[in-house]
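Student: Could you take me through this model? I'd like the conventions spelled out as we go.
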Protein chains: 2
Amino acid sequence: MFEELLAQLGTERHQPLLKMCNDFEVFGCFALTELKHGSNAKEIKTTAHYDPKTEEFIINTPTVEDSKVWVGNLGKTATHAAVYAQLYTPDGVCHGMHIFIVPIRDTKTMSLLPGVIVGEMGPKAGLNGIDNGFATFNNVRIPRENMLNRTGDVTPDGRYVSPFKDQSKRFGISLGALSNGRVGLTHYAACFMNIALSTAIRYAAVRKQFGPSPGNEMPILEYQLHQYRLMPALAICFMWRNFSNVFFCNLAEFLMGLFTKDKSERQSELGKEIHAISCVSKPVSSWTTQQVIQECREACGGQGYLKANRFGDLRNSNDPLLTFEGDNNVLMQQTSNHLLSAFEDFAKTSQVPETPLNLLQFLKRFDEMKRFKLNLTDKSSLLNHKTIMDLFDWLICFIIKQSYDKLDASLKSGKDSFTARNDNQVFHSKSLAIIFMERLLIDRFLQKMSSNTDKSLEPVLNRLFFTAALYFIDKHATLFYQGSVFNGDLPIRLIRQSLVELCAELKCEAIGLIDSIAPPDYVLNTPLGVSTGEVYKASYTNMLQSSGAFDIIGDIEHLMNKTRFGSLKSKI
Amino acid sequence: MFEELLAQLGTERHQPLLKMCNDFEVFGCFALTELKHGSNAKEIKTTAHYDPKTEEFIINTPTVEDSKVWVGNLGKTATHAAVYAQLYTPDGVCHGMHIFIVPIRDTKTMSLLPGVIVGEMGPKAGLNGIDNGFATFNNVRIPRENMLNRTGDVTPDGRYVSPFKDQSKRFGISLGALSNGRVGLTHYAACFMNIALSTAIRYAAVRKQFGPSPGNEMPILEYQLHQYRLMPALAICFMWRNFSNVFFCNLAEFLMGLFTKDKSERQSELGKEIHAISCVSKPVSSWTTQQVIQECREACGGQGYLKANRFGDLRNSNDPLLTFEGDNNVLMQQTSNHLLSAFEDFAKTSQVPETPLNLLQFLKRFDEMKRFKLNLTDKSSLLNHKTIMDLFDWLICFIIKQSYDKLDASLKSGKDSFTARNDNQVFHSKSLAIIFMERLLIDRFLQKMSSNTDKSLEPVLNRLFFTAALYFIDKHATLFYQGSVFNGDLPIRLIRQSLVELCAELKCEAIGLIDSIAPPDYVLNTPLGVSTGEVYKASYTNMLQSSGAFDIIGDIEHLMNKTRFGSLKSKI
């Protein structure tokens with residue numbers, strides 16, 4: 001990240017430092033978040049005052065509340081920090097947030113340089129291999145050249161110059177360097193899901209418990225409840241794997257455009273759409289993974305709690321994904337704002353723009369969907385691609401209209417835009433963003449299926465598709481009822497009946513499906529997840545070989561004395 | 001637990017060992033679960049063959065798959081184990097599961113005794129202070145007297161004698177010694193919830209982020225979305241605290257009956273009802289806590305991930321509650337079976353029995369509820385106690401009838417009872433148990449409110465009541481629509497609108513409410529949860545004082561060499 005900043009936002013004069021980075025002669029870190037400002041990064045308080053006498057910037061942390069925190073590598077390793085600070089010129093004018101390269105530690109002895117208090121933040125719930133650090137600055141002077149000056153600079157005599165007139169546009173570009181990460185995190189989440197499910201589903205196929213008669217026990221995967229806990233998750237995992245691959249290709253196309261300095265309208269639209277997707281794909285994938293890991297851990301019973309089966313560590317490793325690269329709940333508002341603003345245009349013009357990723361195509365069906373009647377008679381009328389896409393298109397049209405109307409009414413009742421948007425989150429904007437993401441998963445999977453040429457795979461792909469789709473639809477059943485697309489008993493009964501039947505079918509293919517996506521045993525590395533199914537042998541071996549398993553308490557007399565009432569003698 | 005077993009299921013001859021336990025001269029542990037059998041404890045495979053020649057039992061583990069596992073204190077500390085094993089008399093007859101006291105370690109040196117392989121299972125996701133152990137037995141001989149013989153015994157010449165004729169009844173009593181724990185775990189869960197919410201809500205009241213204009217930031221608790229993430233959880237936490245207190249009193253009454261050897265019908269009914277409740281209160285409270293801790297951790301952003309704020313450890317400490325004392329999903333079937341069997345009686349007789357805890361009173365309204373029409377016009381028609389109780393009574397009558405009908409149809413279609421029950425879990429029996437529990441929370445809180453004499457508390461108690469109640473009702477909205485109690489847009493719109501309004505009201509009292517239930521600061525012990533609100537000072541102090549925060553990497557040259565491409569020199 002440090003090197004990316006130097007390359008993207010630095011200029012010729014930062015090339016020597018970049019080379020030292022590449023040669024591992026210095027170590028960089030990225031210092032944006034402060035103790036008091038995370039999501040609202042614009043309001044960070046660290047200052048950089050320019051002193052024309054010495055041609056230096058003076059970096060200061062106004063109060064300890066403004067300390068830089070969560071800086072990866074800062075705790076122990078970094079020698080230089082890219083510090084985001086509010087830039088002040090000698091005339092007292094604040095020019096907003098800029099980036100300054102601040103030396104932190106001596107590159108030979110690693111001792112702290114004068115004026116900085118830098119340390120490690122302390123243990124975390126996980127990812128303790130990363131030395132997240134904190135920093136406060138007290139009149140730390142750095143050369144004028146240490147400012148990254150691609151988007152704005154200070155002349156030696158202290159005048160601010162920038163190629164951009166619009167400060168907010170500069171802010172956008174400066175933060176732009178952060179957006180790739182979310183595509184990667186979406187992929188991380190899909191991988192974590194994959195790992196958790198590989199262990200839980202293999203164990204479920206082997207683990208026998210209870211049965212119709214004594215001594216005649218059944219694998220727990222044969223139970224309806226266990227199927228329902230794991231099969232929709234498996235289907236959704238395939239959806240995310242496929243989506244993540246497609247989305248990465250979208251990003252690759254965008255990055256190619258960046259490298260080739262493509263200034264076209266298409267490139268700009270593609271960037272906006274990738275932003276809109278990544279701001280909801282990271283949240284929804286990481287939340288889904290959180291829930292899937294938890295369900296898998298529980299589905300493995302007590303053995304799921306053993307560290308060796310990795311669920312505890314997976315949970316702790318996935319956990320920060322919910323927060324970093326943008327807090328999930330805050331981040332998704334970027335997506336809902338994007339959609340609501342597109343809908344506003346549509347409401348005014350009745351036009352749906354063609355965009356690179358076709359994210360708004362559902363709006364073409366908006367009028368049709370207003371008149372949509374679901375014609376459900378039996379399972380086959382439910383389990384076909386057209387009905388499913390109709391339901392999703394109706395759903396997103398319904399929720400976008402409902403959210404827009406509520407927002408519009410708030411504005412018309414005199415609420416300011418900030419308040420109106422905030423009061424529109426629960427049950428509206430947040431639901432809109434999630435439904436948008438789920439529809440995208442379904443849509444991209446359907447596209448993938450349509451390009452499949454192996455007919456023998458069709459039945460299982462359809463089962464995955466319908467299982468995931470019905471799971472989402474069931475979750476949003478209230479909205480279908482609210483909009484009177486569902487009425488009375490039939491639709492939900494048919495959906496839920498189909499869902500448990502699909503799960504029962506899918507369980508027969510579950511091991512084949514898992515074997516197709518699971519990492520090799522030495523990577524999966526869980527006793528319960530061995531691909532041979534010899535889980536008890538693996539679990540027993542693991543216990544026998546656990547470090548210290550057979551250590552003997554040396555001081556048993558002391559233990560007994562300690563616990564005997566009244567016998568604890570003071571040593572003072 | 002070991003001592004409880006000796007006291008309850010042992011006889012006079014086990015008194016010396018019990019005394020040694022009380023004097024901490026020996027340490028006991030409880031060995032039931034095996035690697036291959038957890039939930040289905042009846043099918044454990046460890047054997048105890050009686051040898052009349054030496055008047056000994058011979059304890060064996062048939063295969064490593066039948067190793068005892070998860071035995072608390074066995075890993076390092078225990079000298080004796082209470083081992084559950086299948087008892088065989090010399091005539092080759094198996095008399096089912098009995099308990100045998102097996103010496104494991106020498107009480108002086110703590111070395112293992114011959115024939116046992118005992119060790120610690122290895123690291124877990126949490127609770128690593130407990131040395132959970134595993135054990136296999138190879139022809140371990142113990143004296144005849146080591147069998148706990150209150151409910152069955154073997155004579156010196158090898159005949160089995162028992163005061164009970166019915167083996168399954170003996171099994172029930174032998175497992176009865178385990179049932180208290182779930183009442184305690186329900187309370188644990190309520191405490192964990194309390195701790196997580198104390199930190200997250202106090203932080204939310206202090207943490208400012210974004211605002212209507214620059215430099216004019218708002219506490220995050222002012223945001224609708226943040227309120228919705230924490231306020232229903234706060235209301236539900238109060239419900240659980242109240243329920244847990246009431247339930248403990250029910251248990252205390254039952255235990256008094258046990259001590260006084262009460263053999264009345266009432267005592268027996270009370271026992272059954274406590275069992276039916278504890279089999280769902282432990283699952284639902286521990287799941288709720290899992291979700292609340294997770295939401296609180298996320299609501300604290302990155303700081304929530306710091307170990308010092310305890311969410312990671314709370315999550316890991318609560319996690320085993322989902323599994324031990326009965327796997328949540330398996331355990332709840334005890335409750336749904338109890339309810340469905342009561343409903344079967346009711347369907348036949350139209351009589352609702354009076355029981356000590358009145359758990360079935362809702363059935364008295366069954367016919368009334370079949371004709372129930374919700375008359376919603378505005379908020380006041382929704383927010384009154386009668387409407388809420390009507391909705392819950394309708395809901396439980398609806399789901400119990402639906403579950404019963406489905407089960408009945410399965411049986412009539414020729415499915416055996418085992419299969420029919422299993423195929424009735426998802427959307428039916430499981431939902432029934434959860435709804436039963438939620439209705440109980442609501443009902444017990446309403447009873448508590450009716451005994452409140454401080455009128456000034458009424459508004460806030462009502463807010464807690466309605467917030468939790470509407471949160472549950474919203475969750476089950478699909479069922480209300482399925483049963484046509486809800487139709488179209490109005491009911492769900494009114495419920496959701498009221499819910500966000502109640503959250504907004506409740507946030508004004510949130511800190512007072514938290515202060516009334518939070519432990520003192522030195523117990524809560526989280527920087528974000530300090531009762532003074534000085535969270536940044538506390539967080540900064542915590543970082544400064546974190547062990548090793550300022551340690552310097554000694555061998556920087558080595559680090560740089562290591563990471564420089566191609567420069568890593570072999571030391572071989």
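Tutor: Helices (H or I, at least four residues) and strands (E, at least two) are DSSP runs, numbered from the N terminus. This is a predicted model, in which local features need pLDDT of at least 70 and side-chain atom pairs count only at pLDDT 80 or more, while totals for chains, interfaces and linings use all residues. Residues are numbered from 1 along each chain as its sequence is written, with chains lettered from A and ligands numbered from 1 in the order in which they are written.

Student: Where does Tyr84(A) sit?
Tutor: Tyr84(A) belongs to strand β5 of chain A, which covers residues 80–88.

Student: And is Tyr84(A) buried or exposed?
Tutor: Tyr84(A) is buried because 23 other C-beta atoms lie within 10 Å, where buried takes 20 or more such atoms, exposed 12 or fewer, and partly exposed lies in between, with C-beta atoms placed from the backbone.

Student: Which residues does Tyr84(A) touch?
Tutor: Leaving aside residues up to four places away in sequence, Tyr84(A) touches Ala31(A), Leu32(A), Ile44(A), Thr46(A), Met97(A) and Ile99(A); contact here means C-beta atoms, placed from the backbone, within 7 Å.

Student: Switching to helices, what span should α11 of chain B have?
Tutor: Helix α11 of chain B (residues 385–412) has 28 residues and should span 40 Å at 1.5 Å a residue, and its end C-alpha atoms are 40 Å apart, which agrees. The expected span is 1.5 Å times one less than the number of residues. After α11(B) comes Gly414(B), whose phi is positive, near 105°.

Student: What about α13 of chain B?
Tutor: With its 26 residues (425–450), helix α13 of chain B should span 38 Å at 1.5 Å a residue, and the 36 Å between its end C-alpha atoms agrees. α13(B) also bends by about 35° at Ser431(B), the bend being the angle between axes fitted to the seven residues ending there and the seven starting there.

Student: How many residues does each chain give to the contact between chains B and A?
Tutor: Chain B gives 86 residues and chain A gives 87. On the side of chain B, helix α18 (residues 535–545) gives the most, with six residues.

Student: Last one, how is chain A divided into domains?
Tutor: Chain A has domain 1 (2–157) and domain 2 (181–350 + 372–517), with bounds that come from an automatic or database domain assignment. Their contact takes four residues from domain 1 of chain A and seven from domain 2 of chain A, and the C-alpha centres of these two domains lie 39 Å apart.

Methods: Two residues are in contact if their C-beta atoms, placed from the backbone, lie within 7 Å.
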